Each structure stands twice: as structure tokens, then as C-alpha cells.
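This report describes one protein chain for a reader who is new to structural analysis. Please look at the sequence and the model before reading on.

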Amino acid sequence: MRLHLHVSVPDIRQAVSFYTSLFNAAPSVTKDDYAKWMLDDPRVNFAISSRARATGVDHVGIQTDSPAELAEIAARLKAAGAATFDQEATTCCYAQSDKSWVTDPAGVRWESFFTHGEATAYGEDEVLPEAAAGGACCAPQPVAKPACC
């Protein structure tokens, strides 16, 4: 498994230059609005995008090496009492993945996922009523609730 961190940046070119220098490595994926480093030391999938979101940490997660590992992580999240939202065969971040999303007690969005292919498009956010609150890049967005009182 590999830790995943996704950061929203205001200027993708400037951020690619910064993180390439920091990691002493070129990104493994570079697009006009997205870049990703698959680092082994530390073992992390570090991604950045300029997808018109608030800048800063967008979400964190765990990338698995198999569907069985993804099922194991999702089961742990459910056992911890967290409501998860599962997605199968979704397109996000120029990849085809199966995912399980959760929001931790501090409000941080976590994405556990298994990637099984590449995609030519970034992917689109989905609006689904089952979604928990949060703003992750490809996380399902919450349905607006009427204001109380």
C-alpha cells in the first residue's frame, strides 16, 4: 500500500517546478491541470491539480495494490464506525479506479483506491445523495440541504 496526498495548487507549472526540486524527481504523470509523483522514498502517491478548488490539501488516502486490499481497507473503515461511500470503475485524475471514501472525525476526506487503468480525461465530480460532506477532487459532492431555522 502507498500513502496518497492530493494538493490543490493555484499555478500548476510553478508547483511542478517546486515539487520536482523537493522530491528530486520528475512527475510520473504531467497534464495541463494535474501532476503526480509515485515516490518510493517516502512511499507516497503525491498529486497536485489546479481544478478551481481552494488551495491546500484536498484529500489524503491509501492506494492499494489489489481489489482485495481495497476491500480490507473499506472493511476497516466500516468497522471503525465511519460511513463510507464506494465507487466502482470511476474515472479520476487520468486513471480508472475503484474507491471507498470516508470523512474522519476531524473532517478530513480520505480516499482508499485501487487503480486498474489509465484514462485520457481527468474525470468529473459526481453529485450523489449518498455522499458525505467534503470537497475532494473526484469525491462525490454532497447534495445541498435546506437551511435549518
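In which helix is the place of Ala74? Ala74 has its place in helix α2. Helices (H or I, at least four residues) and strands (E, at least two) are DSSP runs, numbered from the N terminus.

The structure is a predicted model, in which local features need pLDDT of at least 70 and side-chain atom pairs count only at pLDDT 80 or more, while totals for chains, interfaces and linings use all residues. Residues are numbered from 1 along each chain as its sequence is written, and side-chain values use heavy atoms, with hydrogens and water left out.

**The chain as a whole**

The chain has 2 helices and 8 strands. Along the sequence, they follow the pattern β-α-β-β-β-β-α-β-β-β. Of the 149 residues in the chain, 40% are buried. Here, buried means under 20% relative accessible area, exposed means over 50%, and partly exposed lies in between (1.4 Å probe, protein chains only). A contact means heavy atoms within 4.5 Å. Among contacts between residues at least 6 apart in sequence, 55% join residues at least 24 apart.

**Three buried residues**

Ala74 counts as buried because its relative accessibility is 8%. Leaving out residues up to four places away in sequence, Ala74 touches Thr84 and Ser100. Ile12 has its place in helix α1, and its relative accessibility of 11% means that Ile12 counts as buried. Not counting residues up to four places away in sequence, Ile12 touches Asp32, Asp33, Tyr34, Ala35, Ile48, Ser49 and Ser50. Val44 lies in strand β4 and is buried, with a relative accessible area of 9%. Apart from neighbours within four places in sequence, Val44 is in contact with Arg2, Leu3, His4, Trp37, Met38 and Leu39.

The table gives a C-alpha distance for each of these residues.

| Residues | Apart in sequence | C-alpha to C-alpha |
|---|---|---|
| Ala74 and Glu111 | 37 residues | 9.8 Å |
| Ile12 and Asp33 | 21 residues | 6.3 Å |
| Val44 and Gly61 | 17 residues | 9.8 Å |

**Aromatic rings**

A pair of aromatic rings is described by the distance of the centres and the angle of the planes. Rings of Phe, Tyr and Trp (its six-membered ring) pair if their centres lie within 6.5 Å; planes under 30 degrees apart count as stacked, over 60 as edge-to-face and the rest as tilted. The structure holds 7 aromatic pairs. One of them is formed by Tyr19 and Trp37, which are edge-to-face at 6.0 Å centre to centre, with 65° between the planes. Tyr19 lies in helix α1 (residues 12-23) and Trp37 in strand β3 (residues 34-40), so this pair ties together parts that are 18 residues apart in sequence. Both Tyr19 and Trp37 are buried.

A further pair is formed by Phe23 and Phe46, whose ring centres are 5.1 Å apart; their planes lie at 75°, so the pair is edge-to-face. This pair links distant parts of the chain, with Phe23 in helix α1 and Phe46 in strand β4 (residues 43-49), 23 residues apart. Phe23 counts as partly exposed because its relative accessibility is 23%, whereas Phe46, at 6%, counts as buried. Ring pairs link Phe18, Tyr19, Phe23, Trp37 and Phe46 into a cluster.

**The largest pocket**

Rolling a probe the size of a water molecule over the atoms shows where empty space is left. On a 1 Å grid over the protein atoms alone, a pocket is an open set of points where a 1.4 Å probe fits, with protein on both sides within 12 Å along at least five of seven lines; lining residues have an atom within 4 Å of a point. Grid points are joined across faces, edges and corners, and a volume is the space filled by probe spheres set on the points. The largest pocket contains about 160 Å³ of space. It is lined by 13 residues, of which Ile62, Leu77, Val102, Asp104 and Trp110 are the closest to its centre.

**Backbone features**

Most residues other than glycine have a negative phi, and most peptide bonds are trans. Asn24 is not a glycine, yet it has a positive phi of about 55°. Asn24 is exposed, with a relative accessible area of 73%. Asp41 and Pro42 are joined by a cis peptide bond, with omega about 0°. Pro42 lies in the loop between β3 and β4.
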